[in-house]
Amino acid sequence: MKYFLSMALALIIFTANAQTDSTPTLKSILLEQLKTTHNVKDWFVPPTLAVAGLTAEQANWKDSSENHSVAQLTTHLIFWNKQLLDKFNGIKPDAFNGDNKETFSPVDEKSWNETVQRLDSVLTALEVAVQNADDKKLATWYSTIAHVGTHNAYHTGQIIYIRKMKGWWDDNNGVK
């Protein structure tokens, strides 16, 4: 009987400590958002899964309107996440003349695979930068970081829409 009471008390103490340790922080919330708009499938599909398995030809497909291709959406995400990462790290970002159309670029057979890898590496670097940042820095950057996560989710939805429309998406595992 003492054994069971001791085990129950230990379980209660462990559970109580686990609950206080899981209190969300600004950093944990931002990191969760960045991870789910990078490579962690949660409420929606992340961009790295959304672009996985596509050929360069598929990635460059566009309809007859002004809509962007998957490749263009991917290069756009890389551009803006890299701009934020550089600014966050105190590095002068790549030159930009203010024309957002320039951030949407097509790819070729060779550059598509590099583009997919670059998306992953930029998003990973952004997560690492946020993980390593102190609370004071995050307090001044939280809104921008949150908005870039929303921006990533928005364009990832466009990528998935294209894939579903073209029959390049399988709802069971994401990639067809």
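1. The expected span is 1.5 Å times one less than the number of residues.

2. This is a predicted model, in which local features need pLDDT of at least 70 and side-chain atom pairs count only at pLDDT 80 or more, while totals for chains, interfaces and linings use all residues. Residues are numbered from 1 along each chain as its sequence is written, and side-chain values use heavy atoms, with hydrogens and water left out.

3. The protein has seven helices and zero strands, so its elements, read from the N terminus, run α-α-α-α-α-α-α. Of its 176 residues, 35% are buried, where buried means under 20% relative accessible area, exposed over 50% and partly exposed in between (1.4 Å probe, protein chains only). Among contacts (heavy atoms within 4.5 Å) with a separation of 6 or more, 74% involve residues 24 or more positions apart.

4. The buried residues of H6 are Trp112, Thr115, Leu119, Val122, Leu123, Leu126, Glu127, Ala129 and Val130. They pack against H2, H3, H4, H5 and helix H7 (135–166). At the start of H6, a side-chain oxygen of Asp108 lies within 3.1 Å of the backbone nitrogen of Lys110.

5. Helix H2 (residues 26–36) and helix H6 (residues 109–132) have axes that come within 10 Å and cross at roughly 175 degrees. Axes here are lines fitted to C-alpha atoms, for helices over the stretch in contact, and angles run from 0 to 180 degrees between N-to-C directions. H2 and H6 are therefore roughly antiparallel; angles over 145 degrees count as such, those under 35 as roughly parallel, 65 to 115 as roughly perpendicular, and the rest as oblique. On the H2 side, Lys27, Leu30, Leu31, Leu34 and Lys35 meet Leu126, Glu127, Val130, Gln131 and Asn132 of H6. The residues of this contact divide into five nonpolar, two polar and three charged. In that division, Ala, Val, Leu, Ile, Met, Phe, Trp, Tyr, Cys and Pro count as nonpolar, Asp, Glu, Lys and Arg as charged, and the others, Gly among them, as polar.

6. H5 and H7 pack with their axes 10 Å apart and at an angle of about 175 degrees. That angle makes H5 roughly antiparallel to H7. Twelve nonpolar, nine polar and two charged residues form the contact of H5 with H7.

7. H5 has 19 residues and reaches 27 Å from its first C-alpha to its last, close to the 27 Å expected. H5 is mostly covered, with 16 of its 19 residues buried. Just after H5, Gly90 takes a positive phi of about 75 degrees.

8. Gln72 belongs to helix H5 (residues 70–88) and counts as buried because its relative accessibility is 11%. Leaving aside residues up to four places away in sequence, Gln72 touches Lys62, Asn67, Thr103, Phe104, Ser105 and Pro106.

9. Thr55 lies in the loop between helix H3 (47–51) and helix H4 (56–60). With a relative accessible area of 38%, Thr55 is partly exposed. The C-alpha atoms of Thr55 and Asp108 are 9.5 Å apart in space, although the two residues are 53 residues apart in sequence.

How values were computed
Helix = DSSP H or I, 4+ residues; strand = E, 2+ residues; numbered from the N terminus. Polar contact = N/O pair within 3.5 Å; in protein donor to acceptor, adjacent residues only side chain to side chain.
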